[in-house]
Amino acid sequence: MSKPASAAQVGVICAIAAYSMWGVAPVYFKQLMVLPAAEILMHRVIWSVVLLVGFIAVLKQWPKVISALKNKRVMVILFFAGLLLGANWLLFIWAINNDHLLDASLGYYINPLINVFLGRVFLGERLRNLQRTAVILAVVGVGILVLSYGEIPWIALVLASSFSVYGLLRKQVAVDSLPGLFIETLMLSPLAIGYWVLYGSQYSNLFNNSIDLNLLIFAAGIVTTAPLLCFTAAARRIMYSTLGFFQYIGPTLMFILAVYLYGEPLEEARLTTFAFVWLALAVFSADSIYNFRRQRQQARAAALQAAELQNSELQASELQVAEQDK
């Protein structure tokens with residue numbers, strides 16, 4: 001009889017599943033190329049709301065939703081976070097369906113480095129030497145692309161920065177990911193419905209579509225929520241620093257799909273940029289591993305010192321009692 005999987009093992013499996021689903025999502029969006037990017041986003045918002053209602057009911061998350069709805073500050077932050085998330089989704093879908101998947105991959109590769117930079121600027125977090133080196137390497141890589149083509153890789157930079165700012169906003173409110181995503185998409189739904197009514201394409205009337213196309217459209221909710229549920233399950237079971245090492249699965253799968261499945265050109269300058277970014281991420285990861293191990297050693301040393309102190313106090317107390325008995 002095999003032993004049941006530990007919480008950490010389940011967490012690792014969920015993390016791999018989440019980032020793998022995000023990585024292969026372009027295959028799904030490519031199937032909807034007959035729809036404008038804005039209409040795909042519209043369906044993603046609407047069917048995510050529908051699906052999230054069911055998940056929140058099953059997982060009994062309504063008290064958390066109601067608590068957030070009563071807090072004006074939380075709602076304002078979630079509103080702007082939702083707008084950023086919607087803009088990020090829209091650009092991501094547009095990039096995929098206009099053969100810019102390599103740019104999207106580059107964007108999500110540099111996203112962790114922009115997170116570090118924003119943490120320094122807005123949260124006062126100090127950059128360690130290796131983190132500073134990683135950011136500089138990424139900037140050099142992007143600079144090479146700018147000098148080679150005379151163009152800024154705006155798709156990659158907007159995707160990375162919008163998602164980083166979204167994460168920065170979400171750090172300001174203590175709302176779990178599932179209720180938070182529900183509220184964000186719920187606030188976007190009037191815009192989505194308005195687009196459906198006023199600007200919908202010929203495919204907006206679902207009764208005129210084939211069953212296959214409608215099934216693909218309805219799947220937008222699953223494509224959005226399934227990886228998030230896996231991510232949430234992983235975050236509850238493994239350390240957040242450990243979870244971060246799986247985040248490169250997504251852009252790596254996008255890179256492979258772009259080059260080997262969809263045949264996007266990988267010129268020398270673009271490959272050089274990726275090489276610099278990969279080197280930056282290697283430095284960044286090495287720094288994270290080193291500091292994680294150092295913090296763990298410090299925690300163990302502090303725990304051992306506390307145990308020794310407690311033991312000394314106990315021995316002193318026992319000795320005092322013994323003296324009194326005499």
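Student: How many salt bridges does the structure hold?
Tutor: The structure holds 6 salt bridges. Keep in mind that this is a predicted model.

Student: Why can side chains pair like that at all?
Tutor: Side chains of opposite charge can pair when their charged atoms come close.

Student: OK, give me one. What does R270 pair with, and how far apart are the closest N and O atoms?
Tutor: R270 forms a salt bridge with D103. Their closest N and O atoms are 2.8 Å apart.

Student: Where do those two sit?
Tutor: R270 lies in helix 12, residues 268-325. D103 lies in helix 5, residues 101-122.

Student: Is R270 buried or exposed? And D103, buried or exposed?
Tutor: R270 has 15% relative accessibility, so it counts as buried. D103 is buried too, with a relative accessible area of 10%. The cut-off for buried is under 20%.

Student: Which side chain meets R270 in a salt bridge at 3.4 Å?
Tutor: That is E267, with 3.4 Å from N to O. E267 is partly exposed, at a relative accessible area of 30%. D103, E267 and R270 are linked in a network of salt bridges.

Student: Next one. Which residue forms a salt bridge with E184?
Tutor: R170 does, and the closest N and O atoms are 3.0 Å apart. E184 lies in helix 8, residues 177-199, and R170 in helix 7, residues 154-170. The pair ties together parts that are 14 residues apart in sequence.

Student: How accessible is E184? And what about R170?
Tutor: E184 has 1% relative accessibility, so it counts as buried. R170 is at 13% and also counts as buried.

Student: Let's zoom out. How many helices and strands are there?
Tutor: The protein has 12 helices and 0 strands. From the N terminus on, the elements run α-α-α-α-α-α-α-α-α-α-α-α.

Student: What does the C-alpha trace span?
Tutor: About 95 × 50 × 50 Å along its principal axes.

Student: And how much of the protein is buried?
Tutor: Buried residues make up 42% of the 326 residues. The accessible surface comes to about 18,000 Å². Of that surface, 65% belongs to carbon and sulfur atoms.

Student: What share of the contacts comes from residues 24 or more positions apart?
Tutor: They account for 86% of the contacts with a separation of 6 or more.

Student: Back to charges. How many positive and negative ones are there?
Tutor: There are 22 positive and 17 negative charges. Their mean positions are 6 Å apart.

Student: New topic: rings. How many aromatic pairs are there?
Tutor: There are 19 aromatic pairs. One of them is W62 with F182, which is edge-to-face. Their centres are 5.7 Å apart, with 90° between the planes.

Student: Where in the chain are W62 and F182?
Tutor: W62 is in helix 3, residues 62-69, and F182 is in helix 8. The pair links distant parts of the chain, 120 residues apart. W62 counts as partly exposed at 32% relative accessibility, whereas F182 counts as buried at 5%.

Student: Why is the pair of F274 and W278 called tilted?
Tutor: Their planes are at 45°, so the pair is tilted. The ring centres are 5.6 Å apart. F274 and W278 are 4 residues apart in helix 12, about one helical turn. F274 counts as buried at 0% relative accessibility. W278 is partly exposed, with a relative accessible area of 32%.

Student: Last one. Which residues form one aromatic cluster?
Tutor: Y28, F29, F92, Y108, F163 and Y166 do.

Methods: Residues are numbered from 1 along each chain as its sequence is written. This is a predicted model: local features need pLDDT of at least 70, side-chain atom pairs count only at pLDDT 80 or more; totals for chains, interfaces and linings use all residues. Side-chain values use heavy atoms; hydrogens and water are left out. A salt bridge is a side-chain nitrogen of Lys or Arg within 4 Å of a carboxyl oxygen of Asp or Glu. Buried means under 20% relative accessible area, exposed over 50%, partly exposed in between (1.4 Å probe, protein chains only). Contact means heavy atoms within 4.5 Å. Accessible areas come from the Shrake-Rupley method with a 1.4 Å probe; for residues, only the protein chains shown count as cover. Lys and Arg count as positive and Asp and Glu as negative; His and the chain ends are not counted. The place of a charge is taken as NZ of Lys, CZ of Arg, CG of Asp or CD of Glu. Rings of Phe, Tyr and Trp (its six-membered ring) pair if their centres lie within 6.5 Å; planes under 30 degrees apart count as stacked, over 60 as edge-to-face and the rest as tilted.
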